[in-house]
Amino acid sequence: MKLIVTVDSEEDNWGNVRASHYDVENIEALSDFQTLCDDFRVTPTYLVTYPVVTDETAAATLRTLLGDGNCEVGAQCHPWNTPPFEELESKRNTMLCNLSDDLQHKKMAVLHAAIEQHLKISPVSFRCGRWGYNQNVAMNLAKLGYKVDSSITPFTDWTAVGGPDFSAVGPRAFRTTSSTTHRWGNSRRFPSRSATSDGSASTCAGAMQCSGSFSAGASRARASPEYSRERISSEKSGSHQKRPMQRR
Ligand SMILES: [Zn+2]
């Protein structure tokens, strides 16, 4: 079994879901955290938000960590503080899945470009803030060249807070293609541990989950067998309990 460590690396005043100023002083503490990871020979993936990557001090911390070569930096889109701000400010619109395909893409592209500009890397790992993932996010991830997504929380239903329902999706990683992202699990089966980053246009990893599935560092990303529709069906009828909803 592989343990994957991902860190939501985001603003200090996290509970503020408005397009306002954010402090990001906590990012300095990643240096100490990285030392701990180094001691345990763990390669963490820091999933950074727009306010973090556009803050010069925070970006400098991340560049230093990247320069040491023991971590990966990916993108985490908090739509409420990622421009452009074309949507109404509301709790519902804090979920990427509730925004139009076009606006989703604009925000994801702005975040992607900001990471490229400030950190000099092209991120390939992604997470939706508040887990607000849907098929359009998967398609937009493919357009932007992402290989791995970790926005799906197995056996968890976020509909009470305007988000997606993942209660029928289990913890194993799976792979989707650009032509089959319209239903969870309705995609081609891949052999165990197949590489995720073969560069094919048909390999959107938008539904890939982090739980035991991929190694931090895109070049080492791995997929375990895809989560098939049959498996989802069997788990639906099985004894899995829904996890209590957590606030994110
Ligand atoms: Zn977040």
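This is a predicted model: local features need pLDDT of at least 70, side-chain atom pairs count only at pLDDT 80 or more; totals for chains, interfaces and linings use all residues.

User: How many bridges join strand 4 to strand 5?

Analyst: Two, between parallel strands, with strand 4 covering residues 125-128. Ser125 sits opposite Val148 of strand 5.

User: OK, switching to helices. At what angle do helix 4 and helix 5 cross?

Analyst: Roughly 40°, with the axes of helix 4 (residues 101-119) and helix 5 (residues 135-144) coming within 10 Å. The two helices are therefore oblique to each other.

User: Is that crossing left-handed or right-handed?

Analyst: Right-handed.

User: And which residues meet there?

Analyst: From helix 4 you have Asp101, Gln104, His105, Met108, Ala109 and His112, and they meet Asn136, Val137, Asn140, Lys143 and Leu144 of helix 5. By type, the residues of that contact split into four nonpolar, five polar and two charged.

User: Zooming out, how many helices and strands does the chain have?

Analyst: Six helices and seven strands. Along the sequence the pattern reads β-α-β-α-α-β-α-β-α-β-β-β-α.

User: What share of the chain is buried?

Analyst: Buried residues are 44% of the 248 in the chain.

User: And what about contacts between residues 24 or more positions apart?

Analyst: Those account for 74% of the chain's contacts with a separation of 6 or more.

Terms used
Residues are numbered from 1 along each chain as its sequence is written. Two strands pair if DSSP finds at least two bridges between them. Helices (H or I, at least four residues) and strands (E, at least two) are DSSP runs, numbered from the N terminus. Axes are lines fitted to C-alpha atoms, for helices over the stretch in contact, and angles run from 0 to 180 degrees between N-to-C directions. Angles under 35 degrees count as roughly parallel, over 145 as roughly antiparallel, 65 to 115 as roughly perpendicular and the rest as oblique. A crossing is left-handed if the near helix is turned anticlockwise from the far one by less than a right angle, and right-handed if clockwise. Two residues are in contact if their C-beta atoms, placed from the backbone, lie within 7 Å. Ala, Val, Leu, Ile, Met, Phe, Trp, Tyr, Cys and Pro count as nonpolar, Asp, Glu, Lys and Arg as charged, and the others, Gly among them, as polar. A residue is buried if 20 or more other C-beta atoms lie within 10 Å of its own, exposed if 12 or fewer, and partly exposed in between; C-beta atoms are placed from the backbone.
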